[in-house]
Amino acid sequence: MESESVTKITDDLIGRDDKPCSCSARIAELIQLPAGDKITAKDLVRIPVVFRKFFSRFINLSWLVTLFCLFLLPAAQVWAGAYSSSAHGNSSTGVDRSTIDSKYSAFATGSCAHCHEQHASLEGSEPAPTSPSGPNAAMVFSPEEKLCFTCHDGSAAGGSSRDILTQFNETYRHPIDLYSGRHTLSKLEYGKNGAPFRGSLRHVECTDCHNPHVAQPGTQTFDTSNPQNNNLVSNVLKGVWGVDPTFGAAWTVPTSFTEKIPAVKEYQICLKCHSNYAFNTGSGSYSVSDSPSGLSSVTDQAMEFNPANASYHPVVTTANLGNANSLLASRLGPPWNSAPGDQTMYCSDCHGDTDSSKPDGPHGSTNKYLLKWGSWPTQSDGTTLWTLNDLSNSGIFCKLCHTLSGSNTGGGNWGHFFWSYNTDSSGGNNVHTQSWHRNYSCVTCHSAVPHGSKHERLIVYASDPAPYNYNGNTAKITKFTFESGSYSTSDCQATCSGIH
Ligand code: HEC
Ligand code: HEC
Ligand code: HEC
Ligand code: HEC
Ligand code: HEC
Ligand code: HEC
Ligand code: HEC
């Protein structure tokens, strides 16, 4: 192993805060050891095992110091708990590579050494699988997603780990396969280290969204007694850092962000890459080259979910606490109909795998934009826009949560509403059911990016730019007045011929 990385890891772990061997504090910070839960006897047994195994191979003094810091000092000085109660550190269900290489049976289930392999050598030889790209900054045996896929690939050797590989093989996926070497030693992601997510440093890896030292089993569930907390990080996202925007005026790009170590809400993790924190353009838009859906630029989700906007999906805050207007319960499907106005939601309620039997998370999808259901704003052919005529088609993405036709089962009684102009019985939407609107596409009236809007009800104006105005020329409304009851023609000015 070349000396450069030896010096670097020593600097990184020992030189922090300019104190010699401040690495124990660093480790505590990295693996988010909470106060109050001292390292257990089991951990103490595990740590010397690792240490003993590698001791004889550490001829270089700086390696010895590093290892001392990595495994011994924490035992003496810091608190444990998060690791031993994490999915990987769990001593009965955690990581165990002995099914992959019998040499690993020397390590207890849950040992750090199932992933970290100093000098990549065990009993004098390299245990399988060999690292394809040589030494790794974090001393893991295989780089990036390849490490995780050693187990999370659906194979028997992966034990009880979930199959994530299948999802990343889907057409639309977070493109983790396209990046390598972006998590350099000085930029390992568990600490505060600036924003290496733009330009030539733009990337995404499993460890940008998961902390393998802290993650626990358990994904999001809708908490009916605290629906406003339905955006808090779930167990699998614990211990990951993110950013929280300081929001300004409606539809503006936040100019300041607070780093949250760890993130408390899921969107804080997403926004470190999907907002001006990463882009730094100030324009709400950013050119990209790796969009799985073939986009040449992406937009700023912090701007779009700003609680000062006239409308938004309640990812950052609830409709009742921000500027949005809540919907009638009858226009929402379960669980969303239980607390309209008082609930928040996850980005991953909309972005994820269509197949609900597969693991949760925006890993991959057979649908464009990694959508969890159907398609938007076009039909699945990618060109024919959905119109109000299609309202009974269950393939409309929005129907995952919105009843739209009065029922969210695919439209039985939709025809009834369609012909009954100005009828609002059963909470129907009389703009949708107005027969003159029948052949207009959804994006004639709604923003193509349905995150949030400058106008109520995610309405888009003809003067709004692409991508909100589909292709820059599809929107037709010039003025919209929100009504809490039925709408009449005077509420809407549009460039449509005839009545408006
Ligand atoms: C499931 C695999 C896995 C296990 C088990 C594991 N780690 Fe890690 N560790 C990683 C990965 C992956 C990284 C690199 C993260 C990245 O890409 O940013 C890492 C990084 C680190 C770093 C450097 C982090 C930084 O931000 O500078 C330290 C220190 C570390 N691990 C210590 C430990 C210790 C101590 C244990 C056992 C208590 C342990 N790890 C167990 C996978 C693991
Ligand atoms: C040596 C095998 C192994 C490796 C390598 C590994 N994991 Fe795991 N992972 C597991 C096992 C086993 C579990 C526990 C499953 C359970 O709780 O039954 C797990 C659980 C998890 C969980 C918690 C959710 C759950 O299903 O329990 C996350 C998140 C996770 N792994 C992410 C990662 C990431 C990210 C990497 C790469 C940095 C990684 N894993 C590498 C074996 C592994
Ligand atoms: C570490 C950076 C990073 C994080 C964190 C991250 N992403 Fe991404 N995401 C990317 C990159 C890189 C792409 C590829 C296109 C690009 O460069 O923007 C992408 C693409 C996407 C796409 C697909 C866009 C398309 O072109 O189809 C969606 C949807 C998405 N991310 C949602 C999310 C959500 C939801 C979260 C939080 C759970 C999240 N992302 C967290 C970096 C990140
Ligand atoms: C109500 C459902 C919904 C929620 C919640 C949601 N998205 Fe989206 N998102 C969509 C749809 C639909 C599209 C496709 C837009 C289009 O056709 O251009 C999209 C597009 C995207 C894209 C690619 C296009 C772009 O302009 O950047 C990214 C990245 C993305 N979403 C990230 C996020 C993040 C991050 C969050 C949470 C902060 C989030 N989404 C929350 C529905 C949602
Ligand atoms: C994963 C569930 C989900 C999906 C998918 C979804 N929505 Fe929503 N939508 C919600 C929730 C939850 C609310 C807020 C309800 C409340 O609390 O008032 C909402 C609110 C809205 C609002 C009112 C916003 C306001 O501030 O006035 C509109 C308009 C809307 N959605 C349109 C759409 C469109 C168009 C689509 C498809 C492109 C869509 N939604 C997809 C869950 C979803
Ligand atoms: C862009 C962010 C992002 C990336 C990249 C990412 N994940 Fe996830 N992952 C998530 C989110 C969000 C969830 C679901 C959280 C929830 O539903 O509470 C999740 C869930 C999981 C789960 C638990 C699934 C379940 O249903 O129990 C595992 C295991 C996991 N991810 C492993 C991985 C592995 C391994 C990789 C890389 C090969 C990876 N993730 C890459 C964001 C990401
Ligand atoms: C002629 C303009 C127009 C068209 C076309 C249109 N909408 Fe709407 N939509 C509206 C208005 C106005 C509202 C607000 C009604 C209110 O205040 O409750 C709305 C509300 C919604 C809502 C919020 C929940 C509800 O049921 O009211 C959803 C979801 C929605 N539209 C989806 C769609 C979809 C999907 C399409 C295409 C199939 C579509 N819209 C086409 C004007 C339109």
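**Ligands and strands**

Analyst: Let's start with ligand 6: α7 gives the most to its shell, with 3 residues. Helices (H or I, at least four residues) and strands (E, at least two) are DSSP runs, numbered from the N terminus.

User: Before we go on, what kind of model is this, and how are things numbered?

Analyst: This is a predicted model, where local features need pLDDT of at least 70, side-chain atom pairs count only at pLDDT 80 or more, and totals for chains, interfaces and linings use all residues. Residues are numbered from 1 along each chain as its sequence is written, while chains are lettered from A and ligands numbered from 1 in the order in which they are written.

User: Which residues come nearest to ligand 6?

Analyst: Cys206, Cys209, Thr219, Ser234 and Gly361, out of 24 residues around ligand 6. A residue is near a molecule if its C-beta atom, placed from the backbone, lies within 6 Å of it.

User: Which domains does the shell around ligand 6 draw on?

Analyst: Domain 1 (3–170) and domain 2 (171–372) each supply at least three residues. Those bounds come from an automatic or database domain assignment.

User: Now ligand 4. Which residues come nearest there?

Analyst: Cys270, Val298, Thr299, Cys347 and Cys350, among 25 residues around ligand 4. The elements giving two or more residues are α8 and β5 (297–299). Domain 2 (171–372) and domain 3 (375–500) each give at least three residues to the shell around ligand 4.

User: How do the residues around ligand 4 divide?

Analyst: Into 18 nonpolar, 6 polar and 1 charged. Ala, Val, Leu, Ile, Met, Phe, Trp, Tyr, Cys and Pro count as nonpolar, Asp, Glu, Lys and Arg as charged, and the others, Gly among them, as polar.

User: And how many residues surround ligand 3?

Analyst: 27 residues, with Asp208, Cys270, Cys273, Ser291 and Ser293 the closest. α8 (266–271) and α7 (206–209) each supply at least two of the shell. α8 gives the most, with 3 residues.

User: Switching topic. Is strand β2 buried or exposed?

Analyst: 4 of the 5 residues of β2 (residues 242–246) are buried, so the strand is largely enclosed by the rest of the structure. Buried means 20 or more other C-beta atoms, placed from the backbone, within 10 Å of the residue's own.

User: Which strand does β2 pair with?

Analyst: β3 (residues 256–260), in the antiparallel sense over 5 bridges. Two strands pair if DSSP finds at least two bridges between them. Valine 243 has glutamate 259 in β3 as its bridge partner.

How values were computed
Buried ≥ 20, exposed ≤ 12 C-beta atoms within 10 Å, placed from the backbone.
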